[in-house]
Amino acid sequence: MPLRHLLLALSVVAVWGSNFVIIKWALATFTPLWLAALRFSLAALPLLWIVRPAVPARVLVSYGLLIGVGQFGLLFWAMRSAISPGVASLVLQSQVFFTLLLALLIKGQRLKRLQTAALVLAWAGIAWIAWQVDGSATPLGLSLALVAAFCWGCANLIGQSAGKVDMLGFMVWSSACAAPALIALAWWVEGPQALLRSAQAADVGAWTAVLWQALGNTLFGYGIWGWLLARHAAAQVVPTALLVPVIGMGCAAWWMGEALPAWKLQGAALVMAGLGLNLWSARR
């Protein structure tokens, strides 16, 4: 990738990494599915009648459902009480491996030897941290986060298949496809009374967190991410997301006092080494 594209990818990673703490703050007020529904509703409604991408409806619907319901519906549900922000930021990045595996199987993209070594190194860091989990995640939380990561990996390839399109319009309309399903699920699973109570209890900080979910993470983050995937192979773009857990664990430790023992730092160092090797191999 050109340097400016790499910097765009890293800016998205910074937003996504710090967002796990903000999600946890928002979940103190809103129920998980309701939070996801509000996020994608606010991402869609202001611009829905202004932008319109030239993308088949099936692509918008499938991408929206995978990101909205599959990734964030499950992630928010897990983060409510079954997994900590730092560990969630780590487990969710298994989407890197799901994406690359799916790209190999479906699209025939190939990894270079050094890129393979880089992914093995990064995976060793993630596996090391996951092995050491100290009660900050339950089996249910880990399972939900892994399924969310798989949904993200599938969405990456669907977004890539759309090609070079208006990514702002793509994200707005795919969010509009996700919002009705999330609202219906929240109404059915969490109940209308819980939705009303959380909306009434929300203060300015809680609504700001929801707005940040919609604008910062959905429109900016996934818009730029999709724009990069439309221009580069998944093996070049996706591994930069391995920095998300490093940022996520750091923010969780700084803002929420989540423990940051030596084994987490060791795992983060392996992830960063793998990312650096991947970027160097791509340039080489």
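The model is a predicted one. Its mean pLDDT is 85 across the chain. Of the residues, 97% reach 70 or more. Helix α2, residues 32-44, has the highest mean pLDDT among the elements, at 93. Helix α13, residues 262-283, has the lowest, at 75. Where pLDDT is low, predicted coordinates should not be read in detail.

The largest nonpolar core holds 96 residues. Four of its members touch the most other members: Leu75, Ile83, Phe170 and Trp225. Take Ile83 as an example.

Helix α1 gives the largest share, with 4 residues. By class, the lining of the largest cavity has 9 nonpolar residues, 4 polar ones and 1 charged one.

Stay with helix α1 for a moment. Gly17 lies in this helix. Is Gly17 buried or exposed? Gly17 is buried, because its relative accessible area is 0%, and buried means under 20%. Leaving out residues up to four places away in sequence, Gly17 touches Val244, Ile247 and Gly248. Ile183 lies elsewhere. Gly17 and Ile183 are 166 residues apart along the chain, and their C-alpha atoms are separated by 26 Å.

Next comes helix α5, residues 95-107, which contains Ala103. Ala103 has 1% relative accessibility, so Ala103 counts as buried. How far apart are the C-alpha atoms of Ala103 and Leu157? They are separated by 7.2 Å. Along the chain, these two residues are 54 residues apart.

Helix α8 spans residues 167-190 and includes Ala178. Ala178 has a relative accessible area of 0%, so this residue is buried. Which residues does Ala178 touch, not counting those up to four places away in sequence? They are Phe40, Gly64 and Gly68. Val87 gives another reference point. Ala178 and Val87 are 91 residues apart along the chain. Their C-alpha atoms are separated by 26 Å.

Move on to helix α9, residues 192-201, where Ser198 is placed. Ser198 is buried too, because its relative accessible area is 4%, under the 20% limit. Beyond residues up to four places away in sequence, Ser198 touches Thr29, Phe30, Thr31 and Trp34.

The last stop is helix α13. This is the element with the lowest mean pLDDT, 75. Lys264 lies in helix α13. Is Lys264 buried or exposed? Lys264 is buried, because its relative accessible area is 2%. Leaving aside neighbours within four places in sequence, Lys264 is in contact with Ile129, Met249, Glu258 and Ala259. Arg52 sits 212 residues away from Lys264 along the chain. The C-alpha atoms of Lys264 and Arg52 are separated by 44 Å.

Notes
Residues numbered from 1 in each chain as written. Predicted model: local features only at pLDDT ≥ 70, side-chain atom pairs only at ≥ 80, totals over all residues. Heavy atoms only, no water. Helix = DSSP H or I, 4+ residues; strand = E, 2+ residues; numbered from the N terminus. Nonpolar A, V, L, I, M, F, W, Y, C, P; charged D, E, K, R; others polar. Core = buried A, V, L, I, M, F, W, Y, C linked by side-chain atoms within 4.5 Å. Buried < 20%, exposed > 50% of the residue type's maximum accessible area, 1.4 Å probe, protein only. pLDDT = per-residue confidence, 0-100. Contact = heavy atoms within 4.5 Å.
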